[in-house]
Amino acid sequence: MRTRAVLDGDEWVINGSKAWASHLGGWDGDGPDLMTIACRTDKGVSLIVAEREHLRGHIDVDEYYDLPGLRGCLTTRVTLRDLRVPQGNLLGTEGDGVRLTRNAFQASGASIGTFSVAAMRQAFGIALRFAQAEKRGGLLPIIEHQAVADILADAKGKLEAVRLLSWSALDAVISGRPGASELALHAKIFGSETGLDVINDLIKAVGVTAYDTNFPMLRHLMDVLAYPIIEGGDVGVRRRQLQAMMSDPAYDPLAASELS
């Protein structure tokens, strides 16, 4: 948290730096149409919304991150200089930023499971077509070998499991069902890490051809590498949320399954 907001009359004056959020600089370096800024205020962490008209002239793009995956996401590090925002652009109440951010990350975390499903589905299709057609010097396509067929079968099962978990998690979040928070965390953690494991296994089935950048497999591996660490890292954030949840004496292990 390297950003601070100080109230000056009826305006917040914000200074500091931000990194890793999508499209912070906008497409032209003058900022996006809306930027929700998590910053320190006198009463703790708060969320303040800046509009493009406020940001122009008060935002510097310090670095464009060259990410190996997520190529459609413009990710930058920016500095905010004497950014003035109306006092009424505070979201919620002052000091309530951590709770609001956590709530926002519930649905976004669950959505990472769907990202993984998309990557796995694309990679699976590539590996399946390769295995059905490639003989590797033998008489039969390599899918006829049990080792290859087992990798494909296991990958498909895990793909469908993550798909159903992610669907259930997002449905629970949107409808406000009990257990939504836990399901969202499982979709994020299990979905992202399963996606990485599955695509890595599919690469093994294809073999060295998959290591060629002209072969369409690597782009999906590069994308899925990010999923365990974006939208709240699995180790430092998401598993700690599960730990806190399960440490609560009131935790009901059947609530997420609606069996309690």
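Ile-151 touches Asp-201, Leu-202 and Ala-205, leaving out residues up to four places away in sequence; touching, or contact, here means heavy atoms within 4.5 Å. This is a predicted model, in which local features need pLDDT of at least 70, side-chain atom pairs count only at pLDDT 80 or more, and totals for chains, interfaces and linings use all residues. Residues are numbered from 1 along each chain as its sequence is written, and side-chain values use heavy atoms, with hydrogens and water left out.

Ile-151 sits in helix α3. Helices (H or I, at least four residues) and strands (E, at least two) are DSSP runs, numbered from the N terminus. Ile-151 counts as partly exposed because its relative accessibility is 25%; buried means under 20% relative accessible area, exposed over 50%, and partly exposed in between, using a 1.4 Å probe and protein chains only. Its C-alpha lies 8.7 Å from that of Val-198, although 47 residues separate Ile-151 and Val-198 in sequence.

Asp-171 belongs to helix α3 too, which covers residues 146-175. With a relative accessible area of 31%, Asp-171 is partly exposed. Its side chain makes a polar contact of 2.3 Å with the side chain of Arg-177. A polar contact is a pair of N or O atoms within 3.5 Å; within protein, one must be able to donate a hydrogen and the other to accept it, and residues adjacent in sequence count only if both atoms are side-chain atoms.

| Residue pair | Apart in sequence | C-alpha to C-alpha |
|---|---|---|
| Ile-151 and Val-198 | 47 residues | 8.7 Å |
| Met-1 and Lys-18 | 17 residues | 8.2 Å |

## The start of the chain

Met-1 lies in the segment before β1 and is partly exposed, at 47% relative accessibility. Setting aside neighbours within four places in sequence, Met-1 is in contact with Lys-18, Ala-38, Cys-39, Arg-40 and Val-45.

Thr-3 is in strand β1, which runs over residues 3-8. Thr-3 counts as buried because its relative accessibility is 2%. A polar atom of its side chain lies 2.9 Å from the backbone oxygen of Ser-17. Beyond neighbours within four places in sequence, the contacts of Thr-3 include Ile-14, Asn-15, Gly-16, Ser-17 and Lys-18, and also Ile-37, Ala-38, Cys-39, Arg-40 and Leu-80.

Cys-39 turns up in the contacts of Met-1 and of Thr-3. Cys-39 is buried, at 0% relative accessibility, whereas Cys-73 is partly exposed at 23%. The structure holds zero disulfides, a disulfide being a pair of cysteine sulfur atoms within 2.5 Å.

His-54 is placed in helix α1, residues 52-55. Its relative accessibility of 13% makes His-54 buried. Not counting residues up to four places away in sequence, His-54 touches Leu-83, Arg-84, Val-85, Pro-86 and Asn-89.

Backbone angles give us two more residues to look at. Most residues other than glycine have a negative phi. His-23, however, has a positive phi of about 60°. His-23 is in the loop between β2 (11-22) and β3 (34-41), and is partly exposed with a relative accessible area of 29%. Glu-231, also not a glycine, has a positive phi near 55°. Glu-231 falls in the loop between α5 (218-224) and α6 (234-247), and at 30% relative accessibility counts as partly exposed.

## The chain as a whole

Stepping back, the chain has six helices and seven strands, arranged along the sequence as β-β-β-β-α-β-β-β-α-α-α-α-α. Its C-alpha trace spans about 80 × 50 × 25 Å along the principal axes. Of the 260 residues, 39% are buried. Among contacts between residues at least 6 apart in sequence, 67% join residues at least 24 apart.

The chain exposes about 14100 Å², with carbon and sulfur atoms supplying 55% of that; accessible areas come from the Shrake-Rupley method with a 1.4 Å probe, and for residues only the protein chains shown count as cover.
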